Each structure stands twice: as C-alpha cells, then as structure tokens.
Amino acid sequence: MVAAWIGYLLDGFDFVLITLVLTEIADDFHLSTATAASLISGAFITRWLGGALLGAMGDRYGRKAAMIASILLYSLGTFACGFAWGYTSLFVARLVIGMGMAGEYSASVTYVLESWPTRMRNRASGFLISGYAGGTVVAAELYKWVVPNWGWRWMFWIGVLPVLVALWVRRSLPEAGDWAAQIGSRPTVSAGAGTPAGQGAVAVQGAATASAGGPQAERPNPFQPLFTGRLRSWLNTALAAAASAALFCVFTPLGTGQVPWLSAVAALCLIAFAAQLGGRKGWPLYVSLMATVFCAFLYSWPIQALLPTYLKTDLGYTPAQVTDVMFYAGLGTMAGCWLAGFVGDWAGTRRAYAGTLLASLCFVFPVFAVQDSLVGLGVLIFGLLALNQGISGILPKYIAGHFPIATRAASLGFVYNVGALGGAVAPVLGARLAEGMSLGRALAVLTFGLTLVVVILVGGNVPQRLARLVDPDVPDDHLVPAAGGAEAVHRKASPDVA
C-alpha cells in the first residue's frame, strides 16, 4: 500500500502541474484560455491506449511490472514538459504523461485490491486514491515558491523524481497476492488461436477460470480477441489509428470546425473495441461502465482542471492565496477518499457512492458564491471536494469488481481510461461555457448537473442491470466472491473470503 500510494501521489503531482501553471504557460506561448485548456485534455487522449496496453501487461506479466513501466512513462513525460518550446511540443509530452497515468491507475489499483482482505477493499481503494489528492497538495505548496522564483519549467523538471520510486518498487516489493496465486505460476506461452472470433473477453475469462491452477494453464492474453486472424488484426490496428487521430484533432486546433463528426468517429472506434473485448455477453457492461466513468469525469474535472484559473482570473487571487485554497481542496479530497473507504465497507460500494454524491450538491453553488472570504471559500471547497470528488476513492473498487482476475487490469484500464475522456472534454467545455457566463457559474452548472447523472447510473446499478439483460449469471462483485465460487478457490481461502 505504501509503495502504490507514493506512486499514485507522485502521479497526481505530475498530472496536476499543468493546471497550476496554465496561466503562465498561456502568457509565454500566447494562448487563449480554450487553447491552453486543451493542454490539460492532451493527457486524456492517450489514456485509453495506455490503460489498455499497460493493463494487459499487468494481467500477463504482473501488477508490479506494469506499475514500474507506468511510473517511468509519466515521470519522463513530465520532465520533457519542462523543455517544451511551444504548444505542440508541450502537447506531445502531455500525451506521454497520459499513457503513464492510465497505466498507473490500473496497475496500482489491482496491485492493492488483490493484496488486501476482502472485507477491507473499499478502504484499500480509498486510501490509495487519496494519494492523488496528496500529490495536488504537494504540487500546490511547491508552486507557491518555485514559480515566482524560478519559473514554471522547474515545476516539471522536479517531476522526474518518481523514477527513484520505480527503482525501489522494482527492487523491493512482492507481487500482488491474488495475481501471484492464480496467474503468476503459469507459463507466458502465447495463448492459442482456438478462441472463436467475437467471443471476446468472456471466452478468454471463461477459459482462464476453468483452467486456473492447472499445470497446463497459460497466462491470460486480454487482447487475443482483437487479433484472431489477419483481417481482424489489420482492422483493429486501423481502428486504433483512427481513434487516436480523431481525438488528437478534436483537442487541438487541427480539428476546428470538425469536432462533432471527429468525436463521433472516435466514439465509434472505442465502442467497437469494447464490443470485441467484452464479447457477445460482456459488451453492454463495458459500454455502460465507460459511460458512467465519462460522466464522473465530466462532473469532477471542470473544478479540478480550472479551479486555479478561476481563483486567479475571477477572484484575482495571488499565487500564495491560490496555494491556500488548493491546500483546502486537496486535503478535502484526501479526507473524502478515506471517508469513502470506511462508508463503502460499511454500507456497500454503490450506496456509499450515490449517497455521498447527493450530499455534495449542497456545497456546489455556495462555493462559487463566496467572493471575499478566503477562509470561507476554503471551508466550502473542503466540504465539496470531500463529498463530491473524495467519493472517487472507491471508484476503482466499483469498476474492478465487475471483472475477474485474469483480465481485471486490462478491462479496468480500458473502461476507466476511455471514460476518462470526460476529463478531456470537461475543461474545454467549462472554458466554452465561460464565454457566455462567468467561469464560476459555468463550473457550478456542470458539476451539479453531471453529479445527478452519476447518482442515477451508480445508485440505480445501471451497468449491472444492462449486463444481466444479456447474461443473467453475471456475478455481483468479483472482488467479494461468494464462498466456494471460482475466484474463492484460487485465492487460497483466507478467513475473510471464507
């Protein structure tokens, strides 16, 4: 937990830097607010690919190996940001950060959840995700004295430090318990081509479960359904290229005037991947989870991405005052993650998620009504982010519980990071809305409306209900298996599982 938490803290530190120095970068490179906001979006464009690839690496070669690769990617990408000479070079570095961040999420989440007892896995999820908020606090504290004295580039150069954590992880840590028990002893021989095309992850998962623990069982290959035959391989390669190109154009000036149809192309490509990975029975679950995560990012990321800009432009705060508010915000999110973990283990993941989000609505409009009280704004922002964004601490537990061990990291990485494109849309959407109203009002409207949508999706158990329309035997939660179930057998039966 400590290793994964530190890795995720540094992940949050590296990722949030761009939001703190966005106005300085915009001034240096002469960018509009909307164009500058697209730099935040840049890291989301490659997240779907990074989450899928590094997630598959975690399923096949271990959660630890994927976590190390992810830390290296986002650290080196952040370091490169400090050398950017213009918008394009900085945008490319943000693409690298996005791939690493995506892999870090799926690798760290599966690493921790599969190492903690079943009865404490919401707490494990909440504690882990609180590291991201800790990273935002550290970044805000450094911003206060690094940028005024040395300039914005030094903030990114400091971001190379997580490489040291990767070296420590590589040298010192064991593998995740569940993965090591069920998958780690299998050979890495490529899976055979006997899986019929179109069966998707369901067929792969079924075969893995049926043969798990057997002497001839092979390690999972979550992408096998995408490459069963030359035609399918070429088609999926073309789909990946088309999705990446469309997303790149959507979030850069290259796509000006063509955003609606480019967005449709990207969405169709990603849904095609979800349909193949999920198979005939699993595709409704994949697509509905993607939609849920997308809406979760739409409600949370306008504030995460544009709060520093709002404080500096609408309220006229100094860097020191921005740091103070960001401290309240980060601490509130951390406290909310911890609270979410305990409440999730007590009341259940879905009930805790929906109930906490509903309570957060009381804080949304008051936060953006405060003008002259730094302390008052800090207290309100603490409460809002504790309830509204802190609950995302158990989002990994909510998503991961839908998938078995053999394909958990790849499925989680793909579903979560495709949905994370909502985080790419959110700051741009917030900036666009702010062209017709104040930035504060735009952020409040987006947060309030999309929070209600997520309450309905999660509280109403919509993804699971849709999945059961196609497959009535879908388990309630793979992370809390029923006694005697397939995964219970492979987990060496701890007292918590029994």
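Tutor: Contact here means that heavy atoms lie within 4.5 Å of each other. The model is a predicted one, in which local features need pLDDT of at least 70 and side-chain atom pairs count only at pLDDT 80 or more, while totals for chains, interfaces and linings use all residues. Residues are numbered from 1 along each chain as its sequence is written, and side-chain values use heavy atoms, with hydrogens and water left out.

The chain as a whole comes before its parts. It has 22 helices and 0 strands; both are DSSP runs numbered from the N terminus, helices being H or I of at least four residues and strands E of at least two. Of its 498 residues, 59% count as buried, a word that stands for under 20% relative accessible area, with exposed for over 50% and partly exposed in between (1.4 Å probe, protein chains only). When contacts between residues at least 6 apart in sequence are considered, 83% of them join residues at least 24 apart.

On a 1 Å grid over the protein atoms alone, a cavity is a set of points where a 1.4 Å probe fits but cannot get out; a pocket is an open set with protein on both sides within 12 Å along at least five of seven lines; lining residues have an atom within 4 Å of a point. Points are joined across faces, edges and corners, and a volume is the space filled by probe spheres set on them.

The structure holds 2 cavities of 30 Å³ or more, and the largest cavity has a volume of about 420 Å³. A lining of 29 residues surrounds the largest cavity, with Tyr132, Trp301, Gln304, Gln389 and Ser392 nearest its centre. Two or more residues of this lining come from each of α1 (2-20), α6 (87-113), α7 (121-150), α13 (259-313), α14 (319-347) and α16 (374-388). Helix α13 gives the largest share, 8 residues.

At least two lining residues each are supplied by α3, α12 (230-250), α13, α18 (408-419) and α19 (421-433). The most come from α13, with 10 residues. Within helix α13 itself lies Gly279, which is buried because its relative accessible area is 2%. The C-alpha atom of Gly279 is separated by 8.4 Å from that of Pro225, although the two residues are 54 residues apart along the chain.

Among the buried residues of α3 are Ala34, Leu39, Ile40, Phe44 and Ile45. The loop between α2 (22-29) and α3 contains His30. His30 counts as exposed because its relative accessibility is 72%. The phi of His30 is near 60 degrees, a positive value in a residue other than glycine. Most residues other than glycine have a negative phi.

A positive phi, near 55 degrees, is found at Asn461 too, likewise a residue other than glycine. Asn461 lies in the loop between α20 (439-459) and α21 (462-470). With a relative accessibility of 13%, Asn461 counts as buried.

The account may now return to its starting point. His402 sits in the loop between α17 (395-400) and α18, and helix α18 is one of the elements that line the second largest pocket. Why does His402 count as buried? It does so because its relative accessible area is 9%.
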